[in-house]
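Please look at the sequence and the 3D structure below before reading on.

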Amino acid sequence: MTHPLEFITTQCPHCGETFETRVDILELGDSYVEDCPTCCSPIEFHIQEGMNGELDVTVRREND
């Protein structure tokens, strides 16, 4: 991974809308909250490095 920021496409766990967002790969292993650009609900993002070095981002509702 060469760039500290990568664009990903994900789906809001609240409204189901698909959107593109940037994640900071220097924050591997960390979680952060970002609001959905459609419904404005908070989404918790968790960033990990997959087995083959690929970016693995999981999203969930903030309070789940």
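## Burial and Thr10

A residue is called buried when its relative accessible area is under 20%, exposed when it is over 50%, and partly exposed in between, using a 1.4 Å probe and protein chains only. Thr10 has a relative accessible area of 12%, so Thr10 is buried.

Thr10 is placed in strand S1, residues 5-11. Strands here are DSSP runs of E with at least two residues, and helices are runs of H or I with at least four residues; both are numbered from the N terminus. A contact means heavy atoms within 4.5 Å. Leaving aside residues up to four places away in sequence, Thr10 touches Glu17, Thr18, Phe19, Phe45 and Val59.

## Source of the values

This is a predicted model, in which local features need pLDDT of at least 70 and side-chain atom pairs count only at pLDDT 80 or more, while totals for chains, interfaces and linings use all residues. Residues are numbered from 1 along each chain as its sequence is written, and side-chain values use heavy atoms, with hydrogens and water left out.

## Strands S4 and S5

Two strands pair if DSSP finds at least two bridges between them. S4 and S5 pair in the antiparallel sense, over seven bridges. Within this pairing, Glu49 stands opposite Leu55 in S5. The hairpin of S4 and S5 has five residues between the strands, and Gly53 in this hairpin takes a positive phi near 85 degrees.

## The salt bridge

A salt bridge is a side-chain nitrogen of Lys or Arg within 4 Å of a carboxyl oxygen of Asp or Glu. How many salt bridges does the structure hold? The structure holds one. The partners are Arg60 and Glu44, with their closest N and O atoms 3.1 Å apart. The pair links distant parts of the chain, since Arg60 is in strand S5 (residues 55-61) and Glu44 in strand S4 (residues 42-49), 16 residues apart.

Arg60 is partly exposed, at 42% relative accessibility, whereas Glu44 is buried, at 15%.

## The aromatic pair

Rings of Phe, Tyr and Trp (its six-membered ring) pair if their centres lie within 6.5 Å; planes under 30 degrees apart count as stacked, over 60 as edge-to-face and the rest as tilted. The count by this rule is one aromatic pair. The ring centres of Tyr32 and Phe45 are 5.2 Å apart and their planes are at 5 degrees, so the pair is stacked. Because Tyr32 lies in strand S3 (residues 31-35) and Phe45 in strand S4, the pair ties together parts that are 13 residues apart in sequence.

Tyr32 is partly exposed, at 24% relative accessibility, and Phe45 is buried, at 0%.
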